[in-house]
Amino acid sequence: MSALERIKAAKAKYEEKVAKTLQKMPERKPAFVNTSGIPVERVYTPLDLEDFDYMEKLGFPGDFPYTRGVQPTAYRGRFWTMRQYAGFGSAQETNERYHYLLNAGQTGLSVAFDLPTQIGYDSDHELARGEVGKVGVAIDSLWDMETLFKGIPLDKVSTSMTINSPAAILMAMYLVLAEKQNISYDKLRGTIQNDILKEYSSRGTYIFPPRPSMKIITDIFEYCSKEVPQWNTISISGYHIREAGATAVQEVAFTLANGFAYVDAAIKAGLPVDTFGPRLSFFFNAHADFLEEVAKFRAARRIWAKTMKERFGAKDPRSLMLRFHTQTAGCTLTAQQPLNNIVRVAFQAMSAVLGGTQSLHTNSMDEALALPSEQAVQVALRTQQLIAYETGVADTVDPLAGSYYIEKLTDEIEARAQAYIDTIEKMGGPVVAIEKGYIQKEIQESAYRYQKEIESNERIIVGLNKFQVQEEKPKELLKVDPTVRDKQIERLKELKAQRDAAAVSQALAGVKEAAQTGANLMPPILAAVRAMATLGEICDTLRDVFGEYEAAPFV
Amino acid sequence: MPERKIRVLAAKPGLDGHDRGIKVICAALRDAGMEVIYTGLRQTPEQIVSAAIQEDVDVIAMSCLSGAHDYLFPRVTELLKEKGVQDILVLGGGIIPEEDIPTLKASGIAEIFTPGATTTQIIDFIRNNIRRN
């Protein structure tokens, strides 16, 4: 009898035993299903992986298809980058928070900008009222950027900037700041998010219509591939897609579909795939279902590698490697019993580490209540340090590989995500799918289903719909200085009085011309930043040429 | 004559893009038999008030997770007062610190729903507090 036959025979006996047990003690639920709607079986065995070819499906860490990770030694060489997303109020306050985080052992910076900055308005714009400095730091000009990084040598940190529509402008500010610190561009390491497609479907900070937005993105790819070779020119983000309500499978599918659209656009713009492919990076969510998440990261790596190789003909191994940042799931945090969030975050962070993340943000326990306090941020960072230094999970590469369940689930997520990707491709790609509202509707339906599961107690959230206690709402929450907007407006006035107005106009005319002729926008934007043009002025110049995106509310 | 359905304007004031909550509420209110008009993102208080009057709604339900509620929500109730509108029930929701709630209510927001609130609570609140029939 072969090994598999012996297992089959043993499984038949096991099933008999199960049948008897079920008569005495039924299971908790009639059927077990994960958040992606994938059935979860009672037990997994080699029978679930009958045709499993190790070399084809997994290979070794650092080898195609990179299921087991993109580096041969993973965290045995160096831990992931511990990078807490932070920013609020003025550049000065945020700069203080950065020094605090770096002193606490954080290894990379991650800039949160306020909404006016993200949508290309200066702090004195009418639509910025109420929003200045709230969800991030307010940056109007190079002046603010200088304050933000005061005392931080740019060749010593890697910096991630969550900026999309105006990414080219913030990137230019960072480059000019490097010039002022006498640091050459090739020493700079970091990431700009620069992922417009998920803004249309899930996050909302778009400015221009899709076509010119894609053009700006490919301009950045082209410019940075030559001038800023260590910079990640995009962080293709599933995080916000998941936060908007998508399932794990939808997160992988919609994110990778967007990724392929950027690759396609850049190739059509004349860039060879291996010039920009190695600088593409990703950003995923680490949600509550621990094993589903681990499998998700592994499946995403495999789909990316195969598609880059087979569909786009990438040859450079770095173009095939899906490198990603992870953040724990803000949407799983509860305002009730906020201390419980520390535990949620720890499990989610652990799934990201077991999934092989390159960098990680752990959410703070008080995020369902307000911006994180300093103490909450410290616990969040300590959670990562604990996983790294105490748990031992970082000592061997991809330790869950070979688990019958993990491998089966990785295959299943890959297949289901690929089916979605194919559907989107048939529709004409993500831009068309977003214009038709397809992606938004898929996400909304999942979000509504999730909420109904909670309200019917089908899905238990500890402290929310079970194990509740009477509690007082916490008081020690971070409050943003309400005078930030006034101070920013004063600074803008001062800036405008001091700078050479003619030089600004000339530089903005250069931006306009490039926007009209289709020349690469990075050089004129750099010139405008050097001339002290504001973010709002540069964006308005682009708005004049490109127009603004009008979203149809698909509800 | 059939009973008029409760009409709700669901709105996202300000620049905040977090629309998961408001969209879930739109779906739940519709399933509860209400008529819901969703404004989409980035609405100014002026746009919200004029849409509410034009659509003749009974309820304005606003959501804001960016922290700008302290300016935006009271601005909507202020504009309603300026226009002499008294019979629209105004609700707010989002990441709203406890200590901000009394001021918001004093400005005329009938109720503030924070994380953990259920769609059933919101539906019941609307049915019990609607100001016109």
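Student: Which residue in E8(A) does A:Ser237 stand opposite?
Tutor: A:Ser237 stands opposite A:Phe283 in E8(A). A quick note before we go on: this is a predicted model, where local features need pLDDT of at least 70, side-chain atom pairs count only at pLDDT 80 or more, and totals for chains, interfaces and linings use all residues. Residues are numbered from 1 along each chain as its sequence is written, while chains are lettered from A and ligands numbered from 1 in the order in which they are written.

Student: OK. How many bridges pair E7(A) with E8 of chain A?
Tutor: 4 bridges, with E7(A) and strand E8 (residues 280-286) of chain A pairing in the parallel sense. Strands here are DSSP runs of E with at least two residues, helices are runs of H or I with at least four residues, and both are numbered from the N terminus. Two strands pair if DSSP finds at least two bridges between them.

Student: What's the strand order in that sheet of chain A?
Tutor: E1-E10-E9-E8-E7, an open sheet of 5 strands with parallel pairing.

Student: And which strands stand at the edges?
Tutor: Strand E1 (81-82) and strand E7 (234-237) of chain A. Each has a single partner strand, so one side of each is left without a neighbour in the sheet.

Student: Which helix lies across E7 and E8 of chain A?
Tutor: Helix H10 (residues 248-268) of chain A does, running at about 145° to E7(A). For that angle, axes are lines fitted to C-alpha atoms, for helices over the stretch in contact, and angles run from 0 to 180 degrees between N-to-C directions. Contact means that the C-beta atoms of two residues, placed from the backbone, lie within 7 Å.

Student: New topic: is A:Pro210 buried or exposed?
Tutor: A:Pro210 is buried, because 20 other C-beta atoms lie within 10 Å. The cut-offs: 20 or more other C-beta atoms within 10 Å of a residue's own is buried, 12 or fewer is exposed, and in between is partly exposed, with C-beta atoms placed from the backbone.

Student: Where does A:Pro210 sit, and what does it touch?
Tutor: A:Pro210 is in helix H8 (residues 210-227) of chain A. Not counting residues up to four places away in sequence, A:Pro210 touches A:Tyr200 and A:Val431.

Student: Which residues of H15(A) are buried?
Tutor: Among them are A:Ala376, A:Val379, A:Leu381 and A:Ile387. What covers the buried residues of H15(A) includes E1, helix H14 (340-354) and strand E10 (359-361) of chain A.

Student: Over to chain B. What's the strand order in its sheet?
Tutor: E2-E1-E3-E4-E5, an open sheet of 5 strands with parallel pairing. Strand E2 (35-38) and strand E5 (111-113) of chain B are the edge strands, each pairing on one side only. From one strand to the next, the twist averages 20°.

Student: How many residues of E4 in chain B are buried?
Tutor: 6 of its 6 residues, so strand E4 (residues 89-94) of chain B counts as mostly covered. B:Leu89, B:Leu91 and B:Gly93 point one way from E4(B), and B:Val90, B:Gly92 and B:Gly94 point the other way.

Student: Why two ways?
Tutor: Side chains alternate between the two faces of the sheet in a regular strand.

Student: What does E4(B) pair with?
Tutor: Strand E3 (residues 59-64) of chain B runs parallel to E4(B), joined by 6 bridges. B:Ala61 stands opposite B:Leu91 in E4(B). E3(B) is also joined by 4 bridges to strand E1 (residues 7-11) of chain B, again running parallel.

Student: Last topic: how many residues does each chain give to the contact?
Tutor: Chain B gives 29 residues and chain A gives 33 residues. On the chain B side, H1(B) gives the most, with 5 residues. That side divides into 12 nonpolar, 11 polar and 6 charged residues. Ala, Val, Leu, Ile, Met, Phe, Trp, Tyr, Cys and Pro count as nonpolar, Asp, Glu, Lys and Arg as charged, and the others, Gly among them, as polar.

Student: How much of H1(B) is buried?
Tutor: 10 of its 12 residues are buried, including B:Arg20, B:Ile22 and B:Leu29. After H1(B) comes B:Gly33, whose phi is positive, near 90°.
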